[in-house]
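Subject: Structure handover

Hello,

Here is the structure for you to look through. Please open it first and keep it beside you while you read my notes below.

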Amino acid sequence: MGAVELVSITPNAMELFKREAGVCYQKEATEAVIEKIRDMGHWSVFEHCQATFRLEISMACLLQITRHRHLSFTVQSSRNTELKKYYKTGNKVIDRTIEDEMESYAAMLNLCGPEAALYCIPKAAMYEVYVSGNFRAWLEYLPKRMCQRAMKEHRDVAWKIKRILEKEYPLIFKAAFPNCAGCLDKKCAMNLYFNDKGEHEHE
């Protein structure tokens with residue numbers, strides 16, 4: 001598993017949210033009001049604060065996370081750098097195949113240079129990525145990629161991001177979970193995420 005590191009986050013977000021949410025009624029909102037706004041999905045107020053993460057993720061995961069268009073990305077160039085790390089799946093056969101592909105890529109890099117060799121890069125190759133998003137963007141991203149149906153690597157990344165954001169701003173992010181109760185996918189193993197009290201359990 002690659003790195004998931006918080007680089008920066010708005011330091012006074014709760015104070016800002018209280019002021020911004022109070023605009024409608026011309027008075028400062030309380031934390032209870034912010035919580036109600038969160039639960040009702042009136043998230044425009046959360047667009048005024050943001051968080052930036054540094055990630056190390058595979059190309060396969062990169063192709064998925066960049067579909068979230070409200071997030072902003074800066075990605076390591078495969079035209080100008082050599083990719084040396086790769087995501088390990090835990091499957092010996094697959095990981096050995098990936099290792100062989102990385103060795104072939106390294107050979108092509110030396111033979112042809114990075115621009116030509118990039119066509120040989122396996123999807124397991126790891127990239128360094130900086131990703132920024134306002135709090136609303138993260139609230140919309142997390143449930144989709146924490147879901148049991150998401151790719152394991154991406155799911156692990158999302159859960160790590162969630163834990164970091166929840167530690168910084170628990171009132172905003174403690175309720176960020178997949179909508180398992182309303183999920184229409186009958187094959188989804190939602191019992192992996194809930195205990196007998198209906199509470200989330202995930203490691």
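Take contacts between residues at least 6 apart in the sequence of the protein chain: 71% of them join residues at least 24 apart. Contact here means heavy atoms within 4.5 Å.

Some ground rules. This is a predicted model, in which local features need pLDDT of at least 70 and side-chain atom pairs count only at pLDDT 80 or more, while totals for chains, interfaces and linings use all residues. Residues are numbered from 1 along each chain as its sequence is written, and side-chain values use heavy atoms, with hydrogens and water left out.

**Overall layout**

The protein chain has 8 helices and 4 strands. Both are DSSP runs, numbered from the N terminus: helices are H or I with at least four residues, strands are E with at least two. In sequence order the pattern is β-α-α-β-α-β-α-α-β-α-α-α. The C-alpha trace spans about 65 × 40 × 25 Å along its principal axes.

Now the surface. The accessible surface of the protein chain is about 12100 Å², and carbon and sulfur atoms hold 51% of that. Such areas come from the Shrake-Rupley method with a 1.4 Å probe; for residues, only the protein chains shown count as cover. Of the 203 residues, 41% count as buried. Buried means under 20% relative accessible area, exposed means over 50%, and partly exposed lies in between (1.4 Å probe, protein chains only).

**The core**

Which residues touch the most other members of the largest nonpolar core? They are Phe17, Phe46, Leu55, Phe135, Trp138, Ile161 and Ile172, out of 52 residues in that core. Helix α6 (residues 135-146) gives the largest share, 7 residues. A nonpolar core is a set of buried Ala, Val, Leu, Ile, Met, Phe, Trp, Tyr and Cys residues joined through side-chain atoms within 4.5 Å. In soluble globular proteins, nonpolar side chains tend to be buried together.

Look at Trp138. Leave out residues up to four places away in sequence, and Trp138 touches Ala51, Phe53, Leu71, Val131, Ser132, Gly133, Ile161, Leu165 and Phe173.

**Charges and salt bridges**

The protein chain carries 29 positive and 27 negative side chains, and the centres of the two sets lie 4 Å apart. Lys and Arg count as positive, Asp and Glu as negative; His and the chain ends are not counted. Each charge is placed at NZ of Lys, CZ of Arg, CG of Asp or CD of Glu.

How many salt bridges are in the whole structure? The search finds 14. A salt bridge needs a side-chain nitrogen of Lys or Arg within 4 Å of a carboxyl oxygen of Asp or Glu.

- Arg54 and Glu128 meet at 2.8 Å, N to O. This pair links distant parts of the chain: Arg54 is in strand β2 (residues 50-58) and Glu128 in strand β4 (residues 126-134), 74 residues apart. Arg54 is buried at 16% relative accessible area. Glu128 is partly exposed at 31%.
- Glu115 and Arg79 meet at 3.0 Å, N to O. They too link distant parts of the chain, 36 residues apart: Glu115 sits in helix α5 (residues 114-117), Arg79 in the loop between β3 (72-75) and α4 (92-112). Glu115 is partly exposed at 47% relative accessibility, and Arg79 is partly exposed at 46%.
- Asp156 and Lys152 meet at 2.8 Å, N to O. Both lie in helix α7 (residues 152-168), 4 residues apart, about one turn of the helix. Lys152 is partly exposed at 47% relative accessibility.

There is also a network: salt bridges link Glu5, Arg54, Glu56, Lys85 and Glu128.

Phe73 lies in strand β3. Phe73 counts as partly exposed because its relative accessibility is 24%. Beyond its neighbours within four places in sequence, Phe73 contacts Ile65, Thr66, His68, Val129, Tyr130 and Val131.

Asp100 is in helix α4. Its relative accessible area is 33%, so Asp100 is partly exposed.

Glu153 and Cys61 are 92 residues apart along the chain, with their C-alpha atoms separated by 6.9 Å.

Best wishes
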